[in-house]
Amino acid sequence: MILYKNLIEYSMGAIMIILEILAVILGADFFAGFIHWAEDAYAREDMPIIGPLVAAPNVLHHKQPRAFLKKNWLQSSWDLLLGGALLVGAAAALGVLTWHVWLFAALVVMSNQVHKWSHQGPREHWRVITWLQKARVLQTPRQHAQHHRGEKNTHYCVITNVLNPVLDRIGFWKGLEWCIERTLGVKRRVEVVSPA
């Protein structure tokens with residue numbers, strides 16, 4: 001009886017850890033998507049600091065989606081690394097640094113690299129990346145390609161294939177833009193780009 005009870009407790013603990021991991025992954029994917037959306041919708045090339053550091057590379061990426069593959073990891077993820085370090089540091093200072101925070105920070109820091117992988121063919125990265133994409137653990141190039149079609153105002157989440165269909169189906173990003181325009185009077189940036 002004790003063995004049975006221990007087995008149930010162990011199983012429930014394992015299920016809870018798996019659910020927590022999935023929640024952190026989806027949280028990081030949403031956060032990375034939110035940053036991606038904010039860059040696409042509101043960063044303008046003429047803004048001080050943000051313009052040359054964020055908006056200009058973003059516009060170039062929409063015109064030439066593979067151009068950012070020329071940058072190394074640090075060149076394309078320095079800002080995410082800084083943000084991740086600040087998050088971990090703040091969590092440590094507040095005494096709330098857990099494995100959840102570490103995983104969230106690591107995933108957000110790697111989100112631009114996952115984004116890069118979705119712009120590469122199978123021969124341009126490790127086999128394990130292709131396997132993870134085929135297993136739908138990482139975002140597939142096919143799903144991310146939908147972000148580069150038309151007005152480029154969908155499919156902002158770049159880590160998994162899970163959130164984009166849900167957020168786009170319910171009109172989350174468009175609704176958020178509508179609220180911002182109604183409350184703050186700020187309109188989404190209109191970008192003239194050629195079809196990808």
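A nonpolar surface patch of about 850 Å² is formed in this predicted model by Met-47, Ile-49, Ile-50, Leu-53, Leu-74, Trp-78, Leu-81, Leu-82 and Leu-86, where patch residues have over 30% relative accessible area and no salt bridge, and nonpolar side chains are joined within 5 Å. Helix 2 (50-63) and helix 3 (73-94) are the elements that give two or more residues to the nonpolar patch, and helix 3 gives the most, with 5 residues; helices here are DSSP runs of H or I with at least four residues. Leu-82 is found in helix 3 and counts as partly exposed because its relative accessibility is 49%, given that buried means under 20% relative accessible area, exposed over 50%, and partly exposed in between, with a 1.4 Å probe and protein chains only.

His-36, in helix 1 (residues 2-42), is buried, with a relative accessible area of 8%. Its side chain is joined to that of His-147 by a polar contact of 3.2 Å, a term for a pair of N or O atoms within 3.5 Å of which one must be able to donate a hydrogen and the other to accept it. Leaving aside residues up to four places away in sequence, His-36 touches His-115, His-144, His-147, Tyr-156 and Val-158, contact meaning heavy atoms within 4.5 Å.

Glu-191 lies in the segment after helix 8 (172-184) and is partly exposed, with a relative accessible area of 22%. With residues up to four places away in sequence again not counted, Glu-191 touches Val-59 and His-62, while its C-alpha atom is separated by 14 Å from that of Val-54, 137 residues apart along the chain.

Residues are numbered from 1 along each chain as its sequence is written, and side-chain values use heavy atoms, with hydrogens and water left out. Because the model is predicted, local features need pLDDT of at least 70 and side-chain atom pairs count only at pLDDT 80 or more, whereas totals for chains, interfaces and linings use all residues.

Conventions. Patches are made of residues with over 30% relative accessible area and no salt bridge: like charges are joined within 9 Å, nonpolar side chains (Val, Leu, Ile, Met, Phe, Trp, Tyr) within 5 Å. Accessible areas come from the Shrake-Rupley method with a 1.4 Å probe; for residues, only the protein chains shown count as cover. A salt bridge is a side-chain nitrogen of Lys or Arg within 4 Å of a carboxyl oxygen of Asp or Glu.
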